[in-house]
Amino acid sequence: MTFQPQIIAGNWKMNLTVSQGLVFVDRLLAVLKGRELSRKLILAPNFTSLQPLATACRGSVIEIAAQNCSEHEAGAFTGETSIAMLKDAGAAYVLIGHSERRHIFGESDALLAAKLKVVITEGLVPILCVGETLEQRLQGDAVTVVTRQLTEALAGFSGSQLLVAYEPVWAIGTGETATPDDARQMHAEIRKFLRAEFTWGDEVPILYGGSAKPGNAAELLAQPEVNGLLVGGAALDPESFLQIAEV
Ligand code: PGA
């Protein structure tokens, strides 16, 4: 389906300080001033930058996402950040289950389901990330793995808004990009799952992530069911992020 507007989301990971983030956003807003951008922009900075960036972007086309959250609503969880805190800081979205959270920090599908539950309770919009490893793809298990991740994370999901990001692990930060065909096929599978699961499954934007950059963005965005991009490395520079937003 053709999905409008397409979404370009930048995941800064553990990069850019508050002051660097503000310089980035100033540049973005200056370039975008007075322009009609057909795409929606989201930036996911680290926790300390959420509030200053949300304030700087208020009233603009840029919305703010957090990169992670606690599965608890509040309490004695030193070092954790609750959804209520993210919302209060100005985040509208939160990434759930980014592959670095799954693989470096060992987040399980059950934990992600618990996080999705608090996200919904507190009224933020989750961006659920799914994706197979290279080994799983080579074994022909890519669709099974992604479907299982969706099934387990979304078990009992009672929200009415969701974004899904397909991020093949082997393509993240490696310079390897899924071919437009790989992306098209997996996005079609994800759409099939979402349609079967939710009456509003057609309305869920499905983003592609994994070494998306100015040189491959147009081709990826032209694939059916690729409703946007989740960009890591190429979102750290305002000029390349803008190029992707405008391809
Ligand atoms: P990358 O990261 O664009 O640097 O591959 C994407 C992501 O991890 O969201």
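In which loop is serine 211 found? In this model, which is predicted, with local features requiring pLDDT of at least 70, side-chain atom pairs counted only at pLDDT 80 or more, and totals for chains, interfaces and linings using all residues, serine 211 is found in the loop between β7 (206-209) and α9 (214-221). Residues are numbered from 1 along each chain as its sequence is written, and side-chain values use heavy atoms, with hydrogens and water left out. Helices (H or I, at least four residues) and strands (E, at least two) are DSSP runs, numbered from the N terminus.

Serine 211 has a positive phi of about 55 degrees although it is not a glycine. Serine 211 is also buried (under 20% relative accessible area, with exposed meaning over 50% and partly exposed in between; 1.4 Å probe, protein chains only), its relative accessible area being 16%. Glutamate 225, in the loop between α9 and β8, is likewise a residue other than glycine with a positive phi, near 70 degrees. Glutamate 225 is buried, at a relative accessible area of 9%.

Strand β1 (residues 7-11) is largely enclosed by the rest of the structure, because five of its five residues are buried. Ile7, Ala9 and Asn11 lie on one side of β1 and Ile8 and Gly10 on the other, so that both faces are covered. In a regular strand the side chains alternate between the two faces of the sheet. Strands are taken to pair if DSSP finds at least two bridges between them. By this criterion β1 pairs in the parallel sense with strand β2 (residues 40-44) over five bridges, and isoleucine 8 stands opposite leucine 41 in β2. Strand β8 (residues 228-231) also runs parallel to β1, to which four bridges join it; there the bridge partner of isoleucine 8 is leucine 229. A right-handed β-α-β unit is made by β1, helix α1 (residues 18-32) and β2; a crossover is right-handed if, with the strands pointing away from the viewer, the path from the first strand over the helix to the second runs clockwise.

A nonpolar core is a set of buried Ala, Val, Leu, Ile, Met, Phe, Trp, Tyr and Cys residues joined through side-chain atoms within 4.5 Å. The largest such core has 67 residues, of which Leu162, Ile190 and Leu229 touch the most other members. A second, separate core of 14 residues includes Ile7, Ile42, Leu207 and Leu230. Contact denotes heavy atoms within 4.5 Å. With neighbours within four places in sequence left aside, the contacts of leucine 229 include Ile7, Ile8, Ala9, Leu207, Tyr208 and Ile244.

Aromatic rings were examined across the whole structure, and six pairs were found. Rings of Phe, Tyr and Trp (its six-membered ring) pair if their centres lie within 6.5 Å, with planes under 30 degrees apart counted as stacked, over 60 as edge-to-face and the rest as tilted. The pair of tryptophan 12 and phenylalanine 24 is edge-to-face, because the ring centres are 4.8 Å apart and the planes stand at 65 degrees. Tryptophan 12 lies in the loop between β1 and α1 and phenylalanine 24 in helix α1, so the pair ties together parts that are 12 residues apart in sequence. Tryptophan 12 is buried, with a relative accessible area of 0%, and phenylalanine 24 is buried at 3%. By contrast, phenylalanine 198 and tryptophan 200 form a stacked pair, at 4.5 Å centre to centre and 20 degrees between the planes; both of these residues are buried.

Strand β3 (residues 62-66) pairs with β4 in the parallel sense over two bridges, and alanine 66 stands opposite valine 94. The β-α-β crossover from β3 through α3 to β4 is right-handed. Four bridges pair β4 with β5, again in the parallel sense, and the bridge partner of isoleucine 96 in β5 is leucine 128.

Helix α5 (residues 109-122) has 14 residues and reaches 20 Å from its first C-alpha to its last, close to the expected 20 Å, which is 1.5 Å times one less than its number of residues. Buried residues in α5 include Asp109, Leu112, Leu116 and Val119. Just after α5, glycine 123 takes a positive phi of about 80 degrees.
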